[in-house]
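Subject: Handover of a structure and the findings from it

Dear colleague,

Please find below the structure that I am handing over to you.

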Amino acid sequence: MNLKRTIGLILVIAGVILGVARALGSESQSGDWTIRRSEIPGRVEFSLMDSRAGRHFHTSSDWPLSDFSGLDFSNSGRQEVRFTIARDPGKFECEGFLHDGEGAGLFHFIADPKYSQEMRALGFERIDEDRQWAMAIHDVSLKFARDIKAQNLQGLDTDKLIAFKIHGVTPEMARSLKQAGYEPDADKLIAMRIHGATPEWVEQLKKQGYEHVGLDKLIAFRIHGVSPDFIGQLQKLGYSHPEPDQLVAMRIHGVTPDFITGLQSRGMKNLTIDQLVSLRIHGID
């Protein structure tokens, strides 16, 4: 997957999010909820769904226990519950039951009319009912919006802000990359999170001498599997500092450390990286 396809995926995901919101529609942002145990400590799997009037909507993710004020998940047996999940875009009024920490019921979402006004003041336009609903689900708080806005990112808009929350782009991530000398835009930050190009991973590459690799190339590294471990193995085999394009080509064409070791054991010890790639392209092993 190249960067263009990644950005295309981002747009598809954004479309799905808004489609999910429209499935509920402004007539009734209501439906069913379920709570199940999560494998992540301090969280529960919270699902919202609606299948009425020919529509189908379902979203499920791990929400912090702190969002469920007043609920005691440690109680055993069945209990009737009413609770409110309050977020900046609006609140979810819920009622139903819990049984041994898991349960189900009905919800109704009430949007906060001030939210879109405050977001507009920050420069985030086009927050209609659908987007506000999506922003409530993904907890796009005013503080998060302010902190992201302070990073002065190119290409930032309301839909990208929602995508930041979905994929885990944080103000700290943007700040760390800027401190490392990069100028990431909104699309590249999302692509980096999708493919796992974290600031910590970038720091590992720097320690191996790759201090000035562009963001597009870093994303390509993650897509094709160029890792600090792969680079370290190459260094042990005598390839001290391949160019970034060479590293990507090696991974694309299957020039692995095992492949190089096999050739060296047969006396082919001084092949260049370009020669190694050519051998793989032509099927010579």
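Two strands count as paired if DSSP finds at least two bridges between them. Strands (E, at least two residues) and helices (H or I, at least four residues) are DSSP runs, numbered from the N terminus. Please note that this is a predicted model, in which local features need pLDDT of at least 70 and side-chain atom pairs count only at pLDDT 80 or more, while totals for chains, interfaces and linings use all residues. Residues are numbered from 1 along each chain as its sequence is written, and side-chain values use heavy atoms, with hydrogens and water left out.

**A strand pair**

Strand β4 is joined to β5 by a hairpin of 2 residues. The two strands, β4 and β5 (residues 90-99), run antiparallel and are connected by 10 bridges. Within this pairing, arginine 82 stands opposite glutamate 95 in β5.

**Nonpolar cores**

A nonpolar core is a set of buried Ala, Val, Leu, Ile, Met, Phe, Trp, Tyr and Cys residues joined through side-chain atoms within 4.5 Å. Buried means under 20% relative accessible area, exposed means over 50%, and partly exposed lies in between (1.4 Å probe, protein chains only). The largest nonpolar core contains 54 residues, and Met119, Leu161 and Phe164 have the most contacts inside it. A second, separate core has 21 residues, among them Phe92, Phe107, Phe109 and Ala136. Contact means heavy atoms within 4.5 Å. Leaving aside neighbours within four places in sequence, leucine 161 is in contact with residues including Met119, Phe124, Phe144 and Leu156.

Which residues of helix α12 (residues 257-265) are buried? They are Pro257, Phe259, Ile260, Leu263 and Gln264. These residues lie on the same side of α12 because they cover an arc of only 160 degrees around the axis; the arc is that of the directions from the helix axis to the C-beta atoms. The face turned away from the buried side of α12 carries the exposed residues Asp258 and Ser265. The buried residues of α12 pack against α10 (228-236), α11 (244-253) and α13 (273-281). Just after α12, glycine 267 has a positive phi of about 90 degrees.

In α13, the buried residues are Ile273, Leu276, Val277 and Leu279. They fall within an arc of 155 degrees when seen down the axis of α13, so they line one face of the helix. Asp274 and Ile281 are exposed on the other side of α13. The buried residues of α13 pack against α11 and α12.

**Salt bridges**

A salt bridge is a side-chain nitrogen of Lys or Arg within 4 Å of a carboxyl oxygen of Asp or Glu. By this rule, the count is 15 salt bridges. In one of them, aspartate 67 pairs with arginine 87, with the closest N and O atoms 2.6 Å apart. Aspartate 67 lies in the loop between β3 (57-64) and β4 (78-87) and arginine 87 in strand β4, so the pair ties together parts that are 20 residues apart in sequence. Both aspartate 67 and arginine 87 are buried.

Another salt bridge joins arginine 78 to glutamate 80, with the closest N and O atoms 3.4 Å apart. Arginine 78 is exposed, at 53% relative accessibility, and glutamate 80 is exposed with a relative accessible area of 60%.

Yours sincerely
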